[in-house]
Amino acid sequence: AVELLDLKPGDRVIDAGCGSGGSFPNLVNALGPTGEVVGIEISPNSKAAADRRIKKNGWENVQVIESDVRTVALTGKFDGLLMFAAADVYASEEALGAMMPHLKENARIAFFGAKLSRTGVGRMLNPVFRSLFKLSFATTPALDYEPWKISAQHSAGLDVREYFFGSMFLASGTRSSGLT
């Protein structure tokens with residue numbers, strides 16, 4: 001997903017729903033020391049874990065804001081938006097509406113997550129994924145067969161690839177000035 005953002009040294013990227021910062025090493029590697037990673041995380045426990053990761057690695061260009069993505073206060077424009085296993089962001093009109101004004105025209109967007117499957121083996125996994133989603137945040141929407149539908153309205157050229165018997169997906173596209 002990070003590679004699909006096509007980040008360059010010095011770019012700025014949002015990691016919306018960053019959790020404990022699992023994507024940070026790849027983002028920092030892509031951006032170099034002059035770039036900036038801004039993580040947004042709603043869970044205080046996950047934010048604390050991300051802060052520990054940042055301190056342990058000595059990253060001075062990474063910060064995490066504890067906030068709901070729908071109401072986060074960001075400054076400036078960003079070159080990329082990553083939403084890794086963050087259905088409460090990529091499948092939420094309100095969350096995406098809050099993120100899009102902070103992206104530069106032609107900023108890259110990439111997101112990964114679970115989905116309901118229509119394939120044989122994948123259909124057997126649907127009840128498991130539905131159960132896991134019930135353990136998520138109240139802001140997380142119900143599992144869907146095409147959870148990228150809302151993001152597609154905000155992204156030009158959205159490319160979606162399905163994995164793991166159609167139960168997981170990786171999508172990427174470009175923020176375009178003609179889109180909301």
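How many helices and strands does the protein have? It has six helices and seven strands.

1. **Basis of the note.** This is a predicted model, in which local features need pLDDT of at least 70, side-chain atom pairs count only at pLDDT 80 or more, and totals for chains, interfaces and linings use all residues. Residues are numbered from 1 along each chain as its sequence is written, and side-chain values use heavy atoms, with hydrogens and water left out.

2. **Overall pattern.** Along the sequence, the elements follow β-α-β-α-β-β-α-α-β-α-α-β-β. Helices (H or I, at least four residues) and strands (E, at least two) are DSSP runs, numbered from the N terminus. The protein has 180 residues, and 48% of them count as buried. Buried means under 20% relative accessible area, exposed over 50%, and partly exposed in between (1.4 Å probe, protein chains only).

3. **Surface and contacts.** The protein exposes about 8,800 Å². Carbon and sulfur atoms supply 53% of that area. Accessible areas come from the Shrake-Rupley method with a 1.4 Å probe; for residues, only the protein chains shown count as cover. Of the contacts with a separation of 6 or more, 70% join residues 24 or more positions apart. A contact means heavy atoms within 4.5 Å.

4. Seven strands form an open sheet with mixed pairing, in the order 3-2-1-4-5-7-6. Its edge strands are strand 3 (62–66) and strand 6 (156–163), and each pairs on one side only. From one strand to the next, the twist averages 15°. Two strands pair if DSSP finds at least two bridges between them.

5. **Strands 2 and 3, with their helices.** Strand 2 (residues 36–41) and strand 3 run parallel and are joined by five bridges. Here Val-37 stands opposite Val-62 of strand 3. Helix 1 (residues 24–31) packs on the sheet and touches strand 1 (12–16), strand 2, strand 3 and strand 4 (78–84). The direction of helix 1 makes about 155° with that of strand 2. Helix 2 (residues 44–57) also packs on the sheet, touching strand 2 and strand 3. The direction of helix 2 makes about 165° with that of strand 3. Axes are lines fitted to C-alpha atoms, for helices over the stretch in contact, and angles run from 0 to 180 degrees between N-to-C directions.

6. **Aromatic pairs.** Which aromatic pairs does the structure hold? There are two. Phe-24 and Trp-59 are edge-to-face, 6.4 Å centre to centre with 80° between the planes. Phe-24 lies in helix 1 and Trp-59 in the loop between helix 2 and strand 3, so this pair ties together parts 35 residues apart in sequence. Phe-24 is buried at 0% relative accessible area, and Trp-59 is buried at 15%. Phe-84 and Phe-112 are stacked, 4.8 Å centre to centre with 15° between the planes. Phe-84 is in strand 4 and Phe-112 in strand 5 (residues 103–114), so the pair ties together parts 28 residues apart in sequence. Phe-84 is partly exposed at 38%, whereas Phe-112 is buried at 19%. Rings of Phe, Tyr and Trp (its six-membered ring) pair if their centres lie within 6.5 Å; planes under 30 degrees apart count as stacked, over 60 as edge-to-face and the rest as tilted.

7. **A charge over a ring.** The charged end of Arg-12 sits over the ring of Phe-78, 4.0 Å from the ring centre. The test is NZ of Lys or CZ of Arg within 6 Å of the ring centre and within 35 degrees of the ring normal.

8. **Asp-15.** Asp-15 belongs to strand 1. Is Asp-15 buried or exposed? Asp-15 is buried, with a relative accessible area of 1%. Beyond residues up to four places away in sequence, Asp-15 touches Ser-23, Phe-24, Leu-27, Val-38, Gly-39, Ile-40 and Leu-82. Asp-15 and Met-83 are 68 residues apart in sequence, yet 6.1 Å apart in space, C-alpha to C-alpha.

9. **Positive phi.** Asp-6 is not a glycine, yet has a positive phi of about 50°. Asp-6 lies in the segment before strand 1 and is partly exposed at 48%. Asn-106, in strand 5, has a positive phi near 70°. Asn-106 is partly exposed, with a relative accessible area of 48%.

10. **The hairpin of strands 6 and 7.** Strand 6 and strand 7 (residues 168–174) run antiparallel, joined by six bridges. Arg-161 has Leu-170 in strand 7 as its bridge partner. Four residues lie between the strands of this hairpin, where Phe-164 takes a positive phi near 50°.
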